[in-house]
Structure formats: C-alpha cells, structure tokens
Amino acid sequence: MLSTILSAFTVAEIRKKLAFTALLLALYRLGSHIPVPGVNVQAVKDAQESFGGGGILNLLNTFSGGGLSRIALFALGIMPYITASIILQLLTVVVPSLEKLQKEGEVGQQRITQYTRYLTVGLAFAQSIGYVFLFKSLAPSTGEKIISQFDTPHVFLIVMSLTAGTILLMWMGELITQRGIGNGISLMIFASIVARLPAGISSWWNNPDHVFVVMMPFLALAVVCAIVFIQEGQRRIPVQYAKRVIGRRMSGGGQTYLPLRVNMAGVIPVIFAASIMAFPPTVGQLINTPFTHDVANFLNPGRAPYVIGEAIFIILFTYFYTAVTFNPVDQAENLKKYGGFIPGVRPGRPTAEFLDRILARLTFPGALYLAAVAALPTIVIAVTGATQSFQFGGTSLLIVIGVALDTMKQLEAQLMMRNYEGFLK
C-alpha cells in the first residue's frame, strides 16, 4: 500500500488528481468549522454536550465531521444527497418511467442524477428547517440562546445557508469523482469520520476501565483484519472462450475467470441503512412531543431496537444493491455474445440461473458479515459499559475501511494504466 502511494506521486497527472482531491476535502473540513450567520457562537460552544454520548445527534454529528455540533455551514453534511439517492434507486424499481431511464445508458443515468440533485435540494431545505427548531430547543448551561433573534429573516438566512452548504458539498463530491481519485461522496463521509479519530483515541486512553484500554486495540485490529478479508474475498467462476475464425486468422480461445465478490455491494448498504435508521429518531428530536421523544429514545443508536433494525436494513439493501449492480441475465448474454461459456453449464438462460444461484449464496454471508460488524461495537459497549469511550461504531469502521480499499484500488488502476510498458521497451 505504501509503495502504491509513493509511486502515485511520481506520475504528474495522478499527483494533480491527488492534490485536487486533498484541496476539496480540506475545503470541506474548513466549512465544517465556519458557523452559519445568525447564531450565537458562544452559546453553540456551551451546547456541545447535547451532541455527546451515544444518541442520534452524536451519530449525525459523526457523519458531518462535527459540523452539526458547531452549527457550521456544512452541518447537514452529505446525508441529504445520500437519502435522495436511496429514494431514487427504490423508485426505479417501482416507477416504470424511471426504470426505462435507467436502461437508456449514460443519457438516462444523467437524467436520474438530475432528479437526485433536485430531491437533495428539497430534503436539505426541509431538514434545515427542522434543525433550526432543534437548535432553538437546545438549552446551554449559561442560559444564552443559540439563535438570538428567532424571526423570519434570521430563520430564512440560516435555512438558506445550511441548504446552500449541502448543495456545495454535492457539487464538490461530484467534482472529486470526475477529476480526482475515488468516489467524492464516500471520501467526504470518510473524512468526516476520520476527523473525529483524535477525540476517539483520547477518550479510549482516558477510560477508567484498564481491561478495556488493553483489549480494545486487539479487538479493533481483529475487526479490521476481518473486514479486509471479507471485502477482498471473491468466488472465481472459470470461463472458457471458444476459438473463432475471422477471415484467415484464428483468434480468441483461452480460459479466464469471472470474479464474484463476497460483498459485491461494498459499504453502500451500510450508508443506506444508517440513513434510514437515523430518520425516525431525528424527527423525534425535532418535534417536541412526548410520543416523538419516546420514538427517539426507543431507536437510540445505542439500544437493541436500533441495532436490529439497522441489521435488517443492511441485509435487505445488500441484496437490493447487488441486484442493481450485477445482472446475471446481462452477464450471460455478454458471455454468449463473445463466445464464452462456463464449463459444464449451457450458454444462455442456464448460465444466468447458475450465476444467480451462486450470487445468492455469496450475498447471504456478505450481508450477515456487514450486519455483524455494524452491531459488534454496540455489543462491546453493552458488555464493557464503556459508553463514552468508544467513539466509532461498526458503521463508521465499515465505511472507513471500505472507502480506503476502494480508493486504493482506483489508485492502483490509474498507476497500472499509466505505467504500462509495450513490447518496444
């Protein structure tokens, strides 16, 4: 890994892409520290304890890189865009016109992306209004108001600032994907989680439970190794290509394999599940009624109902996203088109059924693995009682490691493409 990173700096084009990615991520982190206009900065600092512990505000604050607790320009983070992407992907299965657009290739995908952007603006605007009332309800220890003047012009200014921050983040994420290295949206969530690493290390080191302090590094290392092992695991299906006569020349032939990953969906199901499970307790925090507060407490990220619900959604989204990204019928048709076949399986529909059966068997352990890793830190906290000591949940670990692996693969692909040596050398 270190050799790949060092080699990347020797190629001028990759070096520019890395610098561009780092610059936009630095701007993102800067925007997470700039407070929105119209808030009392000192009162915001006094209300920081409201975002601690294991509640939903702490989870949302993690995904925003601490911007929510500072009521910064990027307080909403990129979560409205992710939620909009989830809604559009679910609608493509239900709405025939969207399903038709999805099959139209790049043009249809651009149209769906445009719809996602419009929906992101609407969700960000609605979520900004909710957060303004949440900020109003917070009571700092000093008694000062976070929003000193709660009238229409000031509320509108704060709402538009938070919405514009999300739109700017969406644009920056797409720029990173197009001109940088890696997926921009995933890298922003990665940067948000990693930014809280120093606080997590400090709370772990200062934990009064010495057994927990000693055992935690070994447990974390074991979890990281297990995540990398499963993420890189794959089932290689042998594929044989028949020789073809083109003119007077015989071409083709040979044997290769079709790699099917155990976790083909990556970290997307984890992000989707976290977004869905964060919605009810967030609404419960925003609406000041006893019933909604009971809902928020019931679905607290540190409690069993939240963990069970997140695990169920992770399993469902793993199957859903795998079906979206890998179509056995299309894969079987492509193999048949180019003269390829799986030994012992007839081309066409039998090949599609064979791939579908293998994929279903692979997806099930992959989905269980994602759900288990997401629930493991919560179980550790319940057993050890280290409520304030473990800053990173399984969701955060999966996202960080998954995004790091995917980014390294893209970096290696860029290096391989530019360091190819022909037969003249």
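In which helix do Phe 313 and Phe 317 lie, and how many residues apart are they? Both are in helix 15, which covers residues 304-325, and four residues separate them, about one turn of the helix. The model described here is a predicted one.

**Aromatic rings**

Searching the whole structure gives two aromatic pairs. In one of them, the ring centres of Phe 313 and Phe 317 are 6.2 Å apart and the planes meet at 25°, so this pair is stacked. The cut-off behind that label is an angle under 30 degrees between the planes. The two residues are listed below with their relative accessibility.

| Residue | Relative accessible area | Class |
|---|---|---|
| Phe 313 | 29% | partly exposed |
| Phe 317 | 7% | buried |

Phe 317 is classed as buried because its 7% relative accessible area falls under the 20% limit. Phe 313, at 29%, counts as partly exposed.

Arg 29 lies over the face of Tyr 28, and the distance to the ring centre is 6.0 Å.

Strand 1 consists of residues 234-241 and is joined to strand 5 by two bridges, the two strands running antiparallel. On the residue level, Tyr 241 has Gly 340 of strand 5 as its bridge partner.

Notes. Residues numbered from 1 in each chain as written. Predicted model: local features only at pLDDT ≥ 70, side-chain atom pairs only at ≥ 80, totals over all residues. Heavy atoms only, no water. Phe/Tyr/Trp six-rings, centres within 6.5 Å; stacked < 30°, edge-to-face > 60°. Buried < 20%, exposed > 50% of the residue type's maximum accessible area, 1.4 Å probe, protein only. Lys NZ or Arg CZ within 6 Å of the ring centre and 35° of its normal. Pairing = 2+ DSSP bridges.
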